[in-house]
Amino acid sequence: MATQLPLRLRSALALVTGAGSGIGRAVSVRLAREGAAVAACDLDGAAAQETVQLLGGPGSKEGTPRGNHAAFQADVSEARTARRLLEQVQACFSCPPSVVVSCAGITRDEFLLHMSEDDWDKVIAVNLKGIFLVTQAAAQALVSSGCHGSIINISSIVGKVGNMGQTNYAASKAGVIGLTQTAARELGRHGIRCNSVLPGFIATPMTQKVPQKVLDKVTRMIPMGHLGDPEDVADVVAFLASEDSGYITGASVEVTGGLFM
Ligand SMILES: CCCCCCCCCCCCC[C@@H](O)CC(=O)SCCNC(=O)CCNC(=O)[C@H](O)C(C)(C)COP(=O)(O)OP(=O)(O)OC[C@H]1O[C@@H](n2cnc3c(N)ncnc32)[C@H](O)[C@@H]1OP(=O)(O)O
Ligand SMILES: NC(=O)c1ccc[n+]([C@@H]2O[C@H](COP(=O)([O-])OP(=O)(O)OC[C@H]3O[C@@H](n4cnc5c(N)ncnc54)[C@H](O)[C@@H]3O)[C@@H](O)[C@H]2O)c1
């Protein structure tokens, strides 16, 4: 039986993108356990629905009804679908999301000397432009309704230190940090906080694609000696979503086991 958490988010509506897998799924589960209603979005709509079934509430496997959650299919890298996502969420819940967690992300790893333009374009479109589109649409909805909010964008430690084979990904994640800091400067006056989370190596489908020899190399470099779990990131996201972080904005919080501290 999961230990009962303080319901810090009982009045929150949380939009989570990339909610169909890995960190996004763990974030959705954690925010729901703290009382939030969750709008779980993913490019893979079926995966988003599977996440909702884990959250408790009507139609869930958990059978512990608490708040309504809903799944949405959307490609965050497309302006039309990103905007439609916010419209659909507001129509479904009759309010804008007060918590927005952008987890949707991809990799297309290759050394710079061989990276294709398409691999560059795809990663920037999802990881950076996607966060621009979702952050902008959510902020517009919050400001026009006079609601306060907490926007949490998932960057990566790679955005801080780079990584072989990831010029596209590192650039996208460094961009997320700068975008989030700027949004924090602009939106603070509206009561909207914006923070970045920088995970290190976290055991998800994304890292399963990394060659074992690289994983072995990196793991030996981690002061805590092991990869992180998606729940380690969700812990920090829940804190940044709640009023317990009420005076924190523009921050970059590293969840890395000490890697590249
Ligand atoms: C001395 C060790 C330094 C380790 C520093 C690594 C820091 C990484 C921190 C990342 C944490 C956050 C990640 C998170 O944001 C989520 C992700 O992004 S998960 C995906 C991460 N991707 C990678 O790390 C890239 C891994 N590399 C590859 O996928 C392939 O190497 C590829 C770039 C596609 C090229 O493949 P190819 O078959 O052409 O070459 P090899 O795989 O044989 O590699 C050739 C040699 O380069 C070494 N190598 C490759 N990538 C890395 C790397 N990221 N860090 C260190 N060394 C790397 C590889 O080991 C080979 O070395 P050797 O010739 O000695 O065998
Ligand atoms: N796993 C790690 O080690 C690690 C470390 C640092 C940062 N991150 C970041 O955390 C986030 C989540 O990564 P993860 O490890 O859970 O990966 P994951 O592959 O398990 O999940 C990513 C999810 O995003 C969805 N997605 C992809 N493109 C999308 C799009 N265009 N629109 C909507 N949804 C889309 C995928 O369908 C998938 O469900 C990513 O932004 C990733 O860059 C991961």
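## Basis of the report

A polar contact is a pair of N or O atoms within 3.5 Å. This is a predicted model, in which local features need pLDDT of at least 70 and side-chain atom pairs pLDDT 80 or more, while totals for chains, interfaces and linings use all residues. Residues are numbered from 1 along each chain as its sequence is written, chains are lettered from A and ligands numbered from 1 in the order written, and side-chain values use heavy atoms, without hydrogens or water.

## The sheet

Seven strands form an open sheet in the order S3-S2-S1-S4-S5-S6-S7, with parallel pairing (strands being DSSP runs of at least two E residues, helices of at least four H or I residues; strands pair if DSSP finds at least two bridges between them). The edges are held by strand S3 (70-73) and strand S7 (252-255); each has a single partner strand, so one side of each is left without a neighbour in the sheet. On average, and with direction ignored, neighbouring strands of this sheet are turned by 20° against each other.

Within this sheet, strand S1 (residues 13-17) and strand S4 (residues 99-102) pair in the parallel sense, joined by four bridges. Thr17 stands opposite Ser102 in S4. Helix H4 packs on the sheet and touches S1, S4, strand S5 (149-154) and strand S6 (192-199). The direction of H4 makes about 180° with that of S5 (angles run from 0 to 180 degrees between N-to-C directions).

## Helix packing

Helix H4 (residues 117-145) also meets helix H3 (residues 79-93): their axes come within 9 Å and cross at roughly 35°. The crossing of H3 past H4 is right-handed (the near helix is turned clockwise from the far one by less than a right angle). On the H3 side, the contact (heavy atoms within 4.5 Å) is made by Ala79, Ala82, Arg83, Leu86 and Gln90. On the H4 side, Leu133, Val134, Gln136, Ala137, Ala138 and Ala141 take part.

Leu179 belongs to helix H6 (residues 167-187). Residues up to four places away in sequence aside, Leu179 touches Leu128, Ile131, Phe132, Thr135 and Asn153. Ile131 is 48 residues from Leu179 along the chain, and their C-alpha atoms are separated by 8.6 Å.

## Ligand 1

Around ligand 1 there are 23 residues (each with a heavy atom within 4 Å of it). Asp109, Ser156, Asn163, Gln166 and Tyr169 come nearest. An N or O atom in the side chain of Ser156 is 2.7 Å from an oxygen atom of ligand 1. For the side chain of Lys217, the distance from such an atom to an oxygen atom of ligand 1 is 2.9 Å. A polar backbone atom of Met164 is 3.3 Å from a nitrogen atom of ligand 1.

## Ligand 2

Ligand 2 has 28 residues around it, of which Ser21, Ile23, Asp42, Tyr169 and Thr204 come nearest. An oxygen atom of ligand 2 lies 2.6 Å from a polar side-chain atom of Ser21. In the side chain of Tyr169, an N or O atom is 2.6 Å from an oxygen atom of ligand 2. Gly200 contributes a polar backbone atom, 3.2 Å from an oxygen atom of ligand 2.

Key:
A polar contact is a pair of N or O atoms within 3.5 Å; within protein, one must be able to donate a hydrogen and the other to accept it, and residues adjacent in sequence count only if both atoms are side-chain atoms.
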